[in-house]
Amino acid sequence: MKRRSFISTSAATAFGFQFVPAHVLRAQGTAQTPANKLRIAAIGVGGRGAADLGDMAGEDIVALCDVDEHRAAGSFAKFPKARRFTDFRKMFDAMNNEIDAVLVATPDHTHAVAVLAALGHGKHVYCEKPLAHTIAEVRAMRKAALEKKVITQVGNQGHSSDSIRLFVEMVQSGAIGNVSEIHAGCDAFKDVYCQISKQQAIQTEKHEVPKELDWDLWQGPLKTRPFNPAYVPFSWRGFSAYGSGCIGDWICHVVDPSFWALDLGMPTAITAETKDYDPVKHAAFYPKGTRITYEFPAKGKRGPVKLIWHDGDFGIPAPEELKQDNRKVVGIGAVVIGDKGKIMHGSHGAGGVRLIPEASMKDFKMPEKTIPRVPKGNHQHDWLNAIRENRPAGSSFEYGGSLSEIGLLGMIAVRRSGTRLEWDNAAMKFTNDAEATALLTPEYREGWSL
């Protein structure tokens, strides 16, 4: 049996695939020809979606869907042969049999409805992080992906990097001993993630909707609100109706290395401390700064782990070891603390991973490479190749979805600031706070549902 056939057969057996779809067979050739290219449709093609499409440009881009013609103009020009749509539901009605796989890179609040539509049609899906806007949405998406037996990928690009694999190998080889504490965070884009200063403007101003934007479709399943330019194209992340603040935007990048290396699983308790934030008055917004503590129980051979998230005006505390090197603590990344040492790394797959102080790194013998590397560290290609090889991608909805849930739990902790929330992951509820549990499920307007 040829190796490629063996890989496909083994993956099918391990993950319960009962057949190999025609588009997989078409795509399993070694050369990229019109006969074996994957037919890709994209929903949300400006910004991050445009970047993802750039890494998928070698495939057959057959459809582009976006509610903002101005934002999507670059992708429209780059792929002139692709059919254009504003409503993804109409795209599937018109082209279902002409699509193999779907990219979803819309704002967080519309991830679930777009992805579930694609999964319902049996399409492979690449979805930007966080996977969804609420825990209930993530669970529905994970369930549907498993039932449809399709190949999924969450867009935490660093998961395919060499550096994250080095970090995992270092931790699992005992480089810093038993890990008990992680300080992770992000100090970027403070004016994007905190929009509290615009509260009065949002409540009182009236604006015309730009002619190139379908504002009703942009809001998707959520309660309709008057248009305000403060929401688009990027600052929607600072409004709790649409985004998940800094933690939702960055945890899939920054916590991914420890989540993998320590097999963290899900926390049993979460507590948020916030700055200049009233959970009632400012419920529609994200704070100027958060410090969120997650408690992860012991698992396997490791003990319990405390993860403290810092963002905005709360920076990652500088370890004493950095003073020896006259270095600053990382602004976006993490400091991982073990009983035999510490590791500091940056974002997107533990970039710049090093033992601290530098003297420890110089004396360190690199561990054996036990984790296969992704060619060129390309996350989008990992998904495309996984489809061709009929195997799971690196950050499937099961893995990337669970990681996304950690961020979403933190967002709820912010809304219940100061309360230690006790989390029952299997039952999907907070055992000590009914109001927090109510925030797990989205409120959709009439005509939309999971």
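Predicted model: local features only at pLDDT ≥ 70, side-chain atom pairs only at ≥ 80, totals over all residues.
Two strands count as paired if DSSP finds at least two bridges between them.

In one of them, 9 strands form an open sheet with mixed pairing, in the order β13-β12-β11-β7-β10-β9-β8-β14-β15. Its edges are β13, residues 354-356, and β15, residues 429-430, each of which pairs on one side only. Within this sheet, please look at β11, residues 333-338, and β12, residues 341-345: the two strands run antiparallel and are joined by 5 bridges. V335 has M344 in β12 as its bridge partner.

Two helices lie across these strands. Helix α8, residues 162-172, lies across β7, β11, β12 and β13, and runs at about 170 degrees to β12. Helix α12, residues 245-254, lies across β7, β9, β10, β11 and β12, at about 130 degrees to β10.

I turn now to the cysteines. How many disulfides does the model contain? The count comes to 0, given that a disulfide requires two cysteine sulfur atoms within 2.5 Å. For C246, the closest cysteine sulfur belongs to C186 and is 3.8 Å away, which is too far for a bond. C246 is buried, with a relative accessibility of 1%. The sulfur of C252 lies 10 Å from its closest cysteine sulfur, that of C127, again too far for a bond. C252 is likewise buried, at 1% relative accessibility.

Next, the parallel sheet. Here 6 strands form an open sheet in the order β3-β2-β1-β4-β5-β6, with parallel pairing. The edge strands are β3 and β6, the latter spanning residues 152-154, and each pairs on one side only. On average, neighbouring strands are turned by 15 degrees against each other, direction ignored. Strands β1 and β4 run parallel and are joined by 4 bridges, and I43 stands opposite V104 in β4. Helix α3, residues 48-55, packs on this sheet and touches β1, β2, β4 and β5; its direction makes about 145 degrees with that of β4.

Finally, let us consider helix α5, residues 88-95. Which of its residues are buried? They are F88, M91, F92 and M95. These residues lie on the same side of α5, because they cover an arc of only 95 degrees around the axis. In general, an α-helix has 3.6 residues a turn, so residues three or four places apart point the same way. On the face turned away from the buried side, α5 carries the exposed residues K90 and D93.

Conventions. Residues numbered from 1 in each chain as written. Heavy atoms only, no water. Buried < 20%, exposed > 50% of the residue type's maximum accessible area, 1.4 Å probe, protein only. Arc of directions from axis to C-beta. Axes fitted to C-alpha atoms, helices over the stretch in contact; angles between N-to-C directions. Contact = heavy atoms within 4.5 Å.
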